[in-house]
Amino acid sequence: MGDFNEDGYLDIVVAESGTDNIGVLLNYPTGTFASQVTFSTGDGSRPYSVAVGDINNDTHLDIVVANYGTNSIAALLGYGNGSFANAIITSLGSSRPLSLAVGYLNNDHVLDIAVANYGTATIAVLFGANDGTFRIDNAYDMGFDSNPYSLVLADFDQDITMDIFAVNYGTSELAILFNNGNGSFIIDKYWTGDDSQPSSLATGDFNNDSRLDIAVAYSGSSSVGIFLGNEID
């Protein structure tokens, strides 16, 4: 979601895997939405998820897309009126992206991307170049058969740098990648239970102790797990 035409109302963007497009639905002041306008993410791209941010620092919201079918990231730069430029493609090699998030990972005031890659079992970090292009800085191995499935960015250890939270569907793990402050990461993993198969997650302060907590959806056990954050020394 984001205010793509800068009228003060939140709009919706949808990844349409079956048609190789994203769809943008602009919000009317009444809370209803206009018919969607589609933008191509490339032939055979099979877009799987989207994230929103101003990736070229022109004050207009842009959209980045995980293209599962073409092993790539598509960036669509926004014009501020609900329309977007043609997709700029960054290849991920043999990786198939399932989920992605945008945030400032190396403190250069340009938005970067973290990507959960199916097949190669990695979390990739891509640094932004302020023009809609990205370069792969590193890919962090989550382990054999881990199948990282979903991720979010948040400052877990309160050091003013963004960390990466990911769930490994295949090995039933929650992984936290702690940012060293320069866009490199140290990995901690937490087991989520036999065959829990975590598939998505969200963060927030659930117990009002001013520390970040994590909620994880377990597709294998049809339940939700809560990890309460402890004070970081």
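In strand 3, threonine 38 is the bridge partner of glycine 23. That's one detail of how strand 2 (residues 21-25) and strand 3 go together: they run antiparallel and are joined by 4 bridges. Keep in mind that you're looking at a predicted model.

Zoom out and you get an open sheet of 3 strands, in the order 1-2-3, with antiparallel pairing. Strand 1 (12-16) and strand 3 (37-40) are the edge strands, each pairing on one side only. On average, neighbouring strands of this sheet are turned by 25 degrees against each other, direction ignored.

## The hairpin of strands 17 and 18

Further along, strand 17 (residues 213-218) pairs with strand 18 (residues 223-227) in the antiparallel sense, over 5 bridges. Here alanine 215 sits opposite isoleucine 226 in strand 18. The two strands make a hairpin with 4 residues between them, and serine 222 in this hairpin has a positive phi near 50 degrees.

Valine 224 belongs to strand 18. Its relative accessibility is 57%, and because the cut-off for exposed is over 50%, valine 224 counts as exposed.

Most residues other than glycine have a negative phi, so the exceptions are worth a look. Glutamate 6 is one of them, with a positive phi near 55 degrees. You'll find glutamate 6 in the segment before strand 1, where it counts as partly exposed at 40% relative accessibility.

Asparagine 130 is another non-glycine residue with a positive phi, this time about 75 degrees. It lies in the loop between strand 10 (122-128) and strand 11 (134-141). With a relative accessible area of 33%, asparagine 130 is partly exposed too.

## A buried asparagine

Now for asparagine 179, which is in strand 14 (residues 173-179). Buried or exposed? Asparagine 179 has a relative accessibility of 3%, so it counts as buried, given that buried means under 20%.

What does asparagine 179 touch, leaving out residues up to four places away in sequence? The list is Leu105, Asp159, Thr161, Met162, Asp163, Ser184 and Phe185. Isoleucine 160 is 19 residues from asparagine 179 in sequence, and their C-alpha atoms are 9.6 Å apart.

## Salt bridges

How many salt bridges does the structure hold? There are 3. Take the pair of glutamate 173 and lysine 189, whose closest N and O atoms are 4.0 Å apart. This pair links distant parts of the chain, with glutamate 173 in strand 14 and lysine 189 in strand 15 (residues 185-191), 16 residues apart. Glutamate 173 counts as buried at 17% relative accessibility, whereas lysine 189 is partly exposed at 38%.

Aspartate 137 forms a salt bridge with arginine 135, and here the closest N and O atoms are 3.8 Å apart. Aspartate 137 counts as partly exposed, at 33% relative accessibility. Then there's arginine 211 with aspartate 209, at 3.5 Å between the closest N and O atoms. Arginine 211 is partly exposed with a relative accessible area of 27%, and aspartate 209 is partly exposed with 22%.

Note on methods
Residues numbered from 1 in each chain as written. Predicted model: local features only at pLDDT ≥ 70, side-chain atom pairs only at ≥ 80, totals over all residues. Heavy atoms only, no water. Pairing = 2+ DSSP bridges. Buried < 20%, exposed > 50% of the residue type's maximum accessible area, 1.4 Å probe, protein only. Axes fitted to C-alpha atoms, helices over the stretch in contact; angles between N-to-C directions. Contact = heavy atoms within 4.5 Å. Salt bridge = Lys/Arg side-chain N within 4 Å of Asp/Glu carboxyl O.
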